[in-house]
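Welcome to this short tour of a protein chain. Take a moment to look at the sequence and the model, and then read on section by section.

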Amino acid sequence: MNEIPRGTIEQQTFFEAVGGEATFRRLVHHFYLGVESDPLLRPMYPEGDLGPAEERLALFLMQYWGGPRTYSENRGHPRLRMRHTPFQVDRAAHDAWLTHMRAAVDELDLSPVHERQLWDYLVYAAASMVNTAE
Ligand code: HEM
């Protein structure tokens, strides 16, 4: 059996393991198609065009999972909770956000391990963004 010399196997990031930029772009694009037709979420997005918001979320998620750091180069430290304070993220908004994310994650057809890892993070992150009492 051939031995693999030490140091030749690099640890793969989650970003790479799930298919890199194309996968995250697909996820976020699908998510925003849902947002576009959502009566609660759509009015929360200040810009008429959802394209720039789609770009920010895609870049953020790519960076979070070990991809390029373009998000922070453009936007600085994420401080996401603070960036959401202008918006009323209540239980209903949280649920709607996760509903569209769930559909978008399903559509990626990831391996069960990666799917679980991504989903657990999104559920946790969405809960941490809620900024109303109920
Ligand atoms: C829980 C329900 C959520 C609602 C209703 C919500 C809504 C919004 C809205 C209205 C914006 C402004 C659009 C923009 O300027 O980009 C925004 C921005 C953003 N959201 Fe959320 N969001 C939620 C959860 C999350 C979660 C869980 C994440 C991360 C995993 C996230 C990541 C972002 C990012 C990265 C931006 C752009 C920040 C910036 O650079 O300005 N959001 N969100």
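## A first question

Which residues of α3 are buried? They are A58, L59, F60, L61 and M62. Here a residue is buried if 20 or more other C-beta atoms lie within 10 Å of its own, exposed if 12 or fewer, and partly exposed in between, with C-beta atoms placed from the backbone.

Before going further, a word on how to read the model. Residues are numbered from 1 along each chain as its sequence is written. The model is predicted, and local features need pLDDT of at least 70, side-chain atom pairs count only at pLDDT 80 or more, and totals for chains, interfaces and linings use all residues.

## The overall picture

The chain has 7 helices and 0 strands, where helices (H or I, at least four residues) and strands (E, at least two) are DSSP runs numbered from the N terminus. Read from the N terminus, the order of elements is α-α-α-α-α-α-α. The C-alpha trace spans about 60 × 30 × 30 Å along its principal axes.

Of the 134 residues in the chain, 15% count as buried. Contacts tell us how the chain folds back on itself: two residues are in contact if their C-beta atoms, placed from the backbone, lie within 7 Å. Among contacts between residues at least 6 apart in sequence, 73% join residues at least 24 apart.

Let us look at α2, which covers residues 21–36. This helix has 16 residues and reaches 22 Å from its first C-alpha to its last, close to the 22 Å expected at 1.5 Å a residue; the expected span is 1.5 Å times one less than the number of residues. Its buried residues are T23, F24, L27, V28, F31, Y32 and V35. Seen down the axis of α2, these buried residues fall within an arc of 160°, so they line one face of the helix; the arc is that of the directions from the helix axis to the C-beta atoms. An α-helix has 3.6 residues a turn, so residues three or four places apart point the same way. The cover over the buried residues of α2 includes α3 and α6.

The next helix, α3, has 14 residues and reaches 20 Å from its first C-alpha to its last, close to the 20 Å expected at 1.5 Å a residue. Its buried residues pack against α1 (14–17), α2 and α4 (70–75). One of the residues in α3 is A58, which is buried, with 22 other C-beta atoms within 10 Å. Leaving out residues up to four places away in sequence, A58 touches F24, R25 and V28. A58 and R25 are 33 residues apart in sequence, yet 5.9 Å apart in space, C-alpha to C-alpha. Just after α3, G66 takes a positive phi of about 100°.

A nonpolar core is a set of buried Ala, Val, Leu, Ile, Met, Phe, Trp, Tyr and Cys residues joined through C-beta atoms within 7 Å. The largest such core has 16 residues, of which F24, V28, F31, A58 and L61 touch the most other members. The elements giving two or more residues to this core are α2, α3 and α6, and the largest share, 6 residues, comes from α2. Setting aside neighbours within four places in sequence, L61 is in contact with F24 and V28.

## Around the ligand

Now turn to the ligand, which has 19 residues around it, with A53, R56, F60, W97 and A125 coming nearest. A residue is near a molecule if its C-beta atom, placed from the backbone, lies within 6 Å of it. At least two residues of this shell are supplied by each of α3 (51–64), α5 (80–83), α6 (91–108) and α7 (112–129). The largest share, 4 residues, comes from α3.

The shell divides into 14 nonpolar, 2 polar and 3 charged residues. In this count, Ala, Val, Leu, Ile, Met, Phe, Trp, Tyr, Cys and Pro are nonpolar, Asp, Glu, Lys and Arg charged, and the others, Gly among them, polar.

## Stops in the loops

G20 is found in the loop between α1 and α2, and with 16 C-beta neighbours inside 10 Å it counts as partly exposed. Not counting residues up to four places away in sequence, G20 touches F15 and G67.

R79, in the loop between α4 and α5, has a positive phi of about 35° although it is not a glycine. R79 counts as exposed, with 10 C-beta neighbours inside 10 Å. D109 sits in the loop between α6 and α7; D109 is not a glycine either, and its phi is positive, at about 60°. With 7 C-beta neighbours inside 10 Å, D109 counts as exposed.
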